[in-house]
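Here is a short briefing on one protein model. Keep the sequence and the 3D view open as you read.

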Amino acid sequence: MKKIYETTQKEKNKCIVVAVCINKNDDRERKLDEITKLAESTDLEVVNSFAQNIRDFNKATVLGKGKLEEIRAYIEECEEEITLVVVDYPLTASQTRNISDVLGVRVIDRVGLIIDIFALRAQTSEARLQVKYAQDRYLMPRLAEVKGSSGRYGGSGVGMRGPGETKLELDRRKLEKEMDLLRKEIAQVRNKRGINRREREKSGAKRIAIVGYTNAGKSTLINALTKDNIYAEDKYFATLDTTSRKLYLGQGKNVVITDTVGFITDLPHELVDAFASTLEEAKDADLILHVVDPTQVGKDGSSYFEKNIEVTNKVLDDIGSKCERILIFNKCDMLKDEGNLRERGMLVSAKKNIGLDELKNLIREKLYNE
């Protein structure tokens with residue numbers, strides 16, 4: 001088997017992604033595209049991708065023996081030094097270890113990768129608290145495995161950011177103590193957010209939450225509507241921090257518009273729980289703007305955005321959001337065919353300032369019956 005070298009910055013940037021299709025309705029191309037973009041949202045360079053349709057589930061490795069051998073052969077023959085394999089499936093600690101033993105490189109699952117992206121993006125103290133707690137929850141059942149493998153594959157890089165680096169020496173009791181402290185700090189932040197929300201309610205200010213699949217253009221739309229400069233980038237989960245701005249709708253009407261964390265298929269429950277206070281902004285809003293990127297298509301031309309709409313609606317339903325939702329199809333300037341989108345919602349282009357006045361008029365109509 002290929003010799004496992006000490007991880008260096010250059011080597012740890014090279015990875016392979018593996019899409020796992022369990023259900024008959026799973027879209028292989030969509031899954032490959034999404035896990036690749038997730039990997040590229042960190043400092044990883046995706047060298048190659050593999051996919052497998054699972055018929056007979058292998059409890060030990062999820063992936064079948066033949067697929068694992070195919071991937072191992074590629075790693076051994078590849079001119080690039082592959083040091084990480086990203087599996088698009090939530091793996092247990094033992095499954096991660098078993099796959100790693102066969103392939104001879106470190107393995108991280110979809111959950112670990114998304115949490116790592118959140119750790120990379122978190123800027124405010126609130127976001128860092130929430131990510132720390134999610135990391136601890138993810139690490140707890142894997143503590144022994146991480147300890148056992150860190151010497152072989154290195155204790156840094158993707159999946160090991162922030163507190164992950166220091167947890168290797170901590171025993172379970174210390175980790176549980178830290179999680180308890182984090183829960184209390186998050187609860188304090190949540191209470192403070194609740195107080196601020198109640199103050200806004202007393203003032204009579206109408207509240208809008210802007211939601212959507214990650215990278216749909218939420219922050220760009222807020223910037224265009226409010227003439228602000230909130231950070232926005234063409235990456236998954238480019239922004240995590242909740243941002244509220246005043247939006248003038250005309251005719252003397254102002255509202256508070258709040259950005260929320262982007263959604264994604266199978267958002268790890270560790271992150272849903274940790275970001276509960278952030279998601280409450282969507283739950284308690286007077287109106288929700290659901291931003292969609294209708295330009296996302298697969299290699300075969302099939303549309304991805306319908307699934308993105310479904311995922312976002314499910315998260316909103318799960319947190320108990322009852323208020324009206326307006327579908328906003330962003331990036332309309334890039335559409336070759338509008339289809340029936342105009343009948344389903346608003347067509348806008350945040351970058352080209354198309355449809356924004358019409359959107360403001362619709363918001364005012366919904367909130368003030370004007």
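**Aromatic pairs**

Phe 305 counts as buried, because its relative accessibility is 8%. The model is predicted. A search of the whole structure turns up three aromatic pairs. Two of them are described below, each with its setting in the chain.

*Phe 57 with Tyr 89*

- Phe 57 and Tyr 89 form a tilted aromatic pair, 6.1 Å centre to centre, with 50° between the planes.
- Phe 57 lies in the loop between strand S2 (45-53) and helix H3 (65-77).
- Tyr 89 lies in the loop between strand S3 (84-88) and helix H4 (93-103).
- The pair therefore ties together parts that are 32 residues apart in sequence.
- Phe 57 is partly exposed, because its relative accessible area is 40%.

*Phe 305 with Phe 329*

- The ring centres of Phe 305 and Phe 329 are 6.0 Å apart and the planes stand at 80°, so this pair is edge-to-face.
- Phe 305 belongs to helix H12 (residues 305-318), and Phe 329 belongs to strand S9 (residues 325-329).
- The two residues are 24 apart, and their pair links distant parts of the chain.
- Phe 329 is buried, with a relative accessible area of 0%.

**Charges over rings**

- The charged end of Arg 30 sits over the ring of Tyr 304, 5.7 Å from the ring centre.
- Lys 253 lies over the face of Tyr 368, at 4.7 Å from the ring centre.

**Helix H6**

- Helix H6 covers residues 125-139, which makes 15 residues.
- H6 reaches 21 Å from its first C-alpha to its last, close to the 21 Å expected at 1.5 Å a residue.
- How many of the 15 residues of H6 are buried? Eleven are, and H6 is mostly covered.
- The buried residues of H6 include Glu 126, Leu 129, Val 131, Tyr 133, Asp 136 and Leu 139.
- An α-helix has 3.6 residues a turn, so residues three or four places apart point the same way.

**The six-stranded sheet**

- Six strands form an open sheet, in the order S6-S7-S5-S8-S9-S10. The pairing is mixed.
- Strands of a sheet pair through backbone hydrogen bonds, either parallel or antiparallel.
- Which strands are at the edges? They are strand S6 (243-250) and strand S10 (346-347), and each pairs on one side only.
- Strand S5 (residues 206-212) and strand S8 (residues 287-292) pair in the parallel sense over five bridges.
- Ala 209 has Ile 288 in S8 as its bridge partner.
- Helix H14 (residues 356-368) packs on the sheet. H14 touches S5, S6, strand S7 (253-259), S8, S9 and S10.
- The direction of H14 makes about 90° with that of S6.

**Positive phi angles**

Most residues other than glycine have a negative phi. Two residues here go the other way.

- Val 62 has a phi near 65°, a positive value in a residue other than glycine.
- Val 62 lies in the loop between S2 and H3.
- Is Val 62 buried or exposed? Val 62 is buried, because its relative accessible area is 1%.
- Lys 331 is not a glycine either, yet its phi is positive, at about 60°.
- Lys 331 is found in the loop between S9 and helix H13 (341-344).
- Lys 331 is buried, because its relative accessible area of 18% falls under the 20% cut-off.

How values were computed: Residues are numbered from 1 along each chain as its sequence is written. This is a predicted model: local features need pLDDT of at least 70, side-chain atom pairs count only at pLDDT 80 or more; totals for chains, interfaces and linings use all residues. Side-chain values use heavy atoms; hydrogens and water are left out. Rings of Phe, Tyr and Trp (its six-membered ring) pair if their centres lie within 6.5 Å; planes under 30 degrees apart count as stacked, over 60 as edge-to-face and the rest as tilted. Helices (H or I, at least four residues) and strands (E, at least two) are DSSP runs, numbered from the N terminus. Buried means under 20% relative accessible area, exposed over 50%, partly exposed in between (1.4 Å probe, protein chains only). A charge sits over a ring if NZ of Lys or CZ of Arg is within 6 Å of the ring centre and within 35 degrees of the ring normal. The expected span of a helix is 1.5 Å times one less than its number of residues. Two strands pair if DSSP finds at least two bridges between them. Contact means heavy atoms within 4.5 Å. Axes are lines fitted to C-alpha atoms, for helices over the stretch in contact, and angles run from 0 to 180 degrees between N-to-C directions.
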